[in-house]
Number of protein chains: 2
Amino acid sequence: MSNYPRFNFRIDATDPYSRARVGFLTTPHGGLETPAFIFCATRAAMKAATPADLLASGTQIILSNTYHLMLQPGSELIARQGGLHKFCGWNGPMLTDSGGFQIFSLGHGSVADEIKGRRTQNRVQTLLKITEHGAEFRSYLDGRLHVLTPERSIQIQRELGADLIVVLDECTPFHADKAYTARSLALSHRWGLRCLQEFNRGLDHGDERQALYGILQGGIYPDLRREAAEFVNNQPFFGHAVGGTLGGDKQQMQEVVEVAMRHLRPDRPVHLLGIGGISDIISGVAQGIDTFDCVAPTRMARHGAALLPKTPNERINLNNACHREDRNPLWDACTCYCCRNFSRAYLHHLFKSHEILGMQLITIHNIAVMNRLMHDVRHAIRLGKLTDVKNQWLV
Amino acid sequence: MSNYPRFNFRIDATDPYSRARVGFLTTPHGGLETPAFIFCATRAAMKAATPADLLASGTQIILSNTYHLMLQPGSELIARQGGLHKFCGWNGPMLTDSGGFQIFSLGHGSVADEIKGRRTQNRVQTLLKITEHGAEFRSYLDGRLHVLTPERSIQIQRELGADLIVVLDECTPFHADKAYTARSLALSHRWGLRCLQEFNRGLDHGDERQALYGILQGGIYPDLRREAAEFVNNQPFFGHAVGGTLGGDKQQMQEVVEVAMRHLRPDRPVHLLGIGGISDIISGVAQGIDTFDCVAPTRMARHGAALLPKTPNERINLNNACHREDRNPLWDACTCYCCRNFSRAYLHHLFKSHEILGMQLITIHNIAVMNRLMHDVRHAIRLGKLTDVKNQWLV
């Protein structure tokens with residue numbers, strides 16, 4: 001890993017009963033213990049939480065989205081402001097994605113749209129075309145034309161300055177057939193090589209601030225996922241990210257991840273893109289995933305859903321009338337600011353009254369729960385007792 | 001003040017050049033140095049700020065509104081939850097108002113509506129009638145009929161359990177003529193006596209948790225304000241609140257307050273209801289006002305306006321493009337979390353991106369600025385240099 005002198009990934013413990021491992025990932029902005037959850041500060045801001053709130057429950061790493069930031073306020077501005085870390089007041093490890101996911105999901109529609117049968121034809125078409133050169137799209141903010149190429153994605157991520165950055169790929173939709181997915185995979189690999197080349201240009205100029213992740217696409221097709229794994233294994237990436245559609249249900253997701261993990265080299269950190277349910281994380285960890293990200297913990301908080309272990313659906317909804325007079329905290333074993341100070345009855349009142357504070361307090365709680373989950377997972381792996389976590393957290 | 005064994009108001013210093021004084025008001029939930037600003041936690045919640053955020057910049061006291069809380073979640077529920085302090089996680093001094101202001105301002109329209117010529121005829125009429133008995137109104141939430149009497153207002157405020165509570169009065173509209181205002185004042189005084197009687201029933205049962213403020217009405221008519229002052233002076237109130245319309249501009253407000261303060265006995269704390277501009281506070285302090293409250297500092301924060309000394313309009317608007325690349329904090333002399341960690345450029349980005357965090361950070365700042373202002377005011381009074389505050393804060 002001589003391309004990454006300021007980074008390191010060390011595996012400290014492995015689970016004898018699964019592919020799970022505890023690791024330590026070093027970046028120029030500090031290290032993180034893995035498995036870790038990466039919180040989504042989409043527009044260089046956690047929604048309804050400050051960096052201090054994140055640190056209070058031991059958050060190790062956050063991410064921001066290149067797509068949003070390239071459009072507002074622009075990566076050049078963030079560079080002039082001293083980079084993403086300084087701009088948003090987070091001095092720990094950060095990741096940015098390539099910008100591709102939003103371009104393609106706004107163009108193709110999301111997997112959820114497809115599964116739920118939502119029609120996307122009536123949307124404004126923001127994705128205009130995908131060529132060998134890159135992806136042409138219109139800004140969702142002002143309609144201006146943009147072209148995101150592999151080189152441009154790396155340049156933007158260099159300007160943003162996150163520690164961990166990701167190659168541009170095409171995210172194929174769930175309904176894509178195998179022929180399309182295979183052609184797309186080949187394109188993504190050519191893009192991946194162009195990203196590496198652009199990344200190396202930075203290295204040649206002595207820019208060692210960042211480490212590049214390669215992405216595995218291949219949809220739900222095992223042989224394509226294997227091909228994707230073999231491609232990234234042989235390229236000088238620092239880590240790997242499993243992306244694209246993982247299928248239509250949890251079973252299929254596990255199968256897709258299993259194939260990917262079986263073929264990936266074990267010495268690099270592996271990120272699973274966009275997954276953050278408690279049970280999904282526990283099974284992903286068992287398959288060897290090192291980091292996860294998902295908007296769900298903080299998004300559901302803003303709708304009044306508080307994460308809770310041993311609960312159907314992994315959450316309770318504070319809007320429900322059953323909490324009206326409940327003097328208990330969200331979770332009596334939780335040490336977060338919300339659980340130390342406020343009752344479910346108060347949180348119910350805040351949501352009934354549409355108070356922003358309700359969103360803030362449950363966001364704080366859900367961040368703490370995710371950090372606690374990952375802490376429990378790491379502890380259990382070290383003890384060889386990952387199934388204990390299942391029993392403690394899942395119904 | 002034998003009615004208030006757990007309360008005290010002590011004057012520590014007076015300004016030789018004005019009626020300004022520094023005092024200390026003791027309540028069962030701690031004391032506060034006056035002059036003080038009371039932040040509005042309308043529905044038992046500060047908007048976009050936690051109790052910890054309030055404490056971080058030295059907030060001494062907050063208030064909640066009886067009108068909102070009697071409708072949602074109800075004062076009985078809050079009593080069963082252990083009272084307002086416990087419910088909302090604020091263990092310091094608190095005030096509740098009588099509930100009257102919202103009933104009458106929703107019924108009559110506000111002074112701002114009148115001044116700005118807003119038509120209120122097309123609104124749903126929520127105020128149904130005012131009788132000797134009390135005010136009949138419909139809930140803005142579900143249309144249910146409520147009657148707020150002086151006795152009921154005190155009972156509700158007893159259930160809520162704030163330290164400082166206020167008598168029910170009729171808030172006359174700005175356009176009220178002198179005859180109406182005089183009749184209304186007499187009604188408010190009869191209501192004030194009924195409030196005292198109901199309050200004393202609590203004292204008789206050994207409830208010494210609360211202290212009662214009498215209200216001065218009288219509109220813009222000097223002789224009525226004098227009459228109001230003489231009425232409250234002679235009743236066993238703990239403190240006085242100057243309420244009702246204070247006129248149509250700052251000049252008239254100063255005249256109205258001046259008349260009231262000239263006639264009020266000096267040994268009781270005086271609150272000026274609903275006033276919170278920096279220049280208004282400085283002139284109110286000079287007239288002898290001890291506490292102020294206003295939603296403006298936190299409301300304007302949610303619209304991107306940050307308080308700043310020596311600035312036209314007392315604020316800057318972070319939505320404005322001039323802040324797009326500004327690496328400075330809101331105020332370089334401010335020690336709040338926002339100013340220690342974030343640039344104006346970042347705050348501008350947050351508002352352009354409609355991020356809740358922008359509201360949180362400027363709310364934290366504006367709270368800190370108000371606390372700093374009141375600190376500077378108290379310090380200056382002790383030194384006999386209140387005009388220094390004017391020079392340091394106003395344009």
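## Two helices of chain A

Helix α8 (residues 178-204) and helix α9 (residues 222-233) of chain A pack at about 10°, their axes 11 Å apart. Axes here are lines fitted to C-alpha atoms, for helices over the stretch in contact, and angles run from 0 to 180 degrees between N-to-C directions. Helices themselves are DSSP runs (H or I, at least four residues), numbered from the N terminus.

On the α8(A) side, the contact (C-beta atoms, placed from the backbone, within 7 Å) uses A:Thr181, A:Ala182, A:Leu185 and A:His189. From α9(A) come A:Leu224, A:Glu227, A:Ala228 and A:Phe231.

## About the model

This is a predicted model, where local features need pLDDT of at least 70 and side-chain atom pairs count only at pLDDT 80 or more, while totals for chains, interfaces and linings use all residues. Residues are numbered from 1 along each chain as its sequence is written, and chains are lettered from A and ligands numbered from 1 in the order in which they are written.

## A:Arg194

Stay on helix α8 of chain A and you'll find A:Arg194. It counts as buried, because it has 20 C-beta neighbours inside 10 Å; the cut-offs are 20 or more for buried, 12 or fewer for exposed, and partly exposed in between. Setting aside neighbours within four places in sequence, A:Arg194 touches A:Pro150 and A:Glu151.

## The buried side of α16(A)

Helix α16 (residues 386-393) of chain A has A:Leu386, A:Val389 and A:Trp393 as its buried residues. They sit on the same side of the helix, because they cover an arc of only 45° around the axis, taken from the directions from the axis to the C-beta atoms. Among the elements covering them are α11 (278-286) and α15 (356-383) of chain A.

## A crossing in chain B

Over in chain B, the axes of α9 (residues 222-233) and α10 (residues 250-263) come within 8 Å and cross at roughly 35°.

## Where the chains meet

Chain A and chain B each put 33 residues into their contact. On the chain B side, α14(B) gives the most, with five residues.

Notes: Contact = placed C-beta atoms within 7 Å.
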